[in-house]
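User: Please walk me through this model, one question at a time. Keep the answers brisk.

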Amino acid sequence: MAELVLTRIDSRLIHGQVVTKWVGQSGANRIIVVSDELVNDEFMKNIYLMAAPPSVKVDVYGSEETGKLWKEDQFGTGKVLLLFPSLAVLKQTLDAGLELGKLQVGGLGGGPSRKVVFQNITLDDKDVEILKELAGKGVDIIFQTIPEDKPQKFEEILKKY
């Protein structure tokens, strides 16, 4: 059975910080990117696959498929860094069967009706709804951009929204 060493929301998915810092800090030897968009875009998927270090296996699945895989065999083997581009995609995956104990919110970019709550992390009303639902189910939610940052608890972040 795979071990989920880090479940992270980061709109940039696999990028320098994920590769150099989070993979090392979490001890992950496998990255699963959950993105319905990426699954259907061979060109972009290959760019993400090439961005990972050679020692790290990368898989890209859609939200439904990820939920199903989790229920069937919990991702096989390895120490898994599970990456989501948004809270909406995470919610779809949870609805499809994924179970979580801990969630790290990393980078969520700006946009209309989004409010900065911590460094480069923004939230909107739908994001907050999803986070409250997860917190209500006992998921430990932290906000942390890079490992050097002190993790911020969701309850503290919520006061800034």
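User: Which residues does Val 128 touch, not counting residues up to four places away in sequence?

Analyst: This is a predicted model, in which local features need pLDDT of at least 70, side-chain atom pairs count only at pLDDT 80 or more, and totals for chains, interfaces and linings use all residues. Residues are numbered from 1 along each chain as its sequence is written, and side-chain values use heavy atoms, with hydrogens and water left out. Val 128 is found in helix α6 (residues 125-136); helices (H or I, at least four residues) and strands (E, at least two) are DSSP runs, numbered from the N terminus. With contact meaning heavy atoms within 4.5 Å, Val 128 touches Leu 123, Phe 154, Leu 158 and Tyr 161.

User: What separates the C-alpha atoms of Val 128 and Leu 87?

Analyst: The two residues are 41 residues apart along the chain. Their C-alpha atoms are separated by 9.1 Å.

User: How confident is the predictor, and which element of the protein chain has the lowest mean pLDDT?

Analyst: pLDDT is the predictor's confidence in each residue, from 0 to 100. The protein chain averages 93, and 100% of the residues score at least 70. Strand β8 (residues 140-143) has the highest mean among the elements, 98. The lowest, at 84, belongs to α1.

User: Why are the buried residues of helix α4 on the same side?

Analyst: In α4 (residues 63-73), the buried residues are Ser 63, Thr 66, Gly 67 and Trp 70. They are on the same side of α4 because the arc they cover around the axis, taken from the directions from the helix axis to the C-beta atoms, is only 100°.

User: Which residues are exposed on the other side of α4, and what do its buried residues pack against?

Analyst: Glu 64 and Glu 72 are exposed on the other side. The buried residues of α4 pack against β1, β2 (30-34), α2 (36-39), β3 (57-61) and α5 (87-95).

User: Where does Gln 119 lie, and what is its relative accessible area?

Analyst: Gln 119 also has a positive phi near 50°. Its place is the loop between β6 (115-118) and β7 (121-123). Gln 119 is partly exposed, at 44%.

User: Which residues is Asp 10 in contact with, leaving aside neighbours within four places in sequence?

Analyst: Asp 10 lies in strand β1. At 1% relative accessibility, Asp 10 counts as buried. Its contacts are His 15, Val 18, Leu 83, Phe 84, Pro 85 and Gly 107.

User: Which element gives the most to the lining of the largest pocket?

Analyst: On a 1 Å grid over the protein atoms alone, a pocket is an open set of points where a 1.4 Å probe fits, with protein on both sides within 12 Å along at least five of seven lines; lining residues have an atom within 4 Å of a point. The largest pocket has a volume of about 240 Å³, the space filled by probe spheres set on the points, which are joined across faces, edges and corners. Of its 14 lining residues, the closest to the centre are Val 5, Leu 6, Thr 7, Lys 102 and Gln 104. With four residues, the top contributor is β1.

Notes. Buried < 20%, exposed > 50% of the residue type's maximum accessible area, 1.4 Å probe, protein only.
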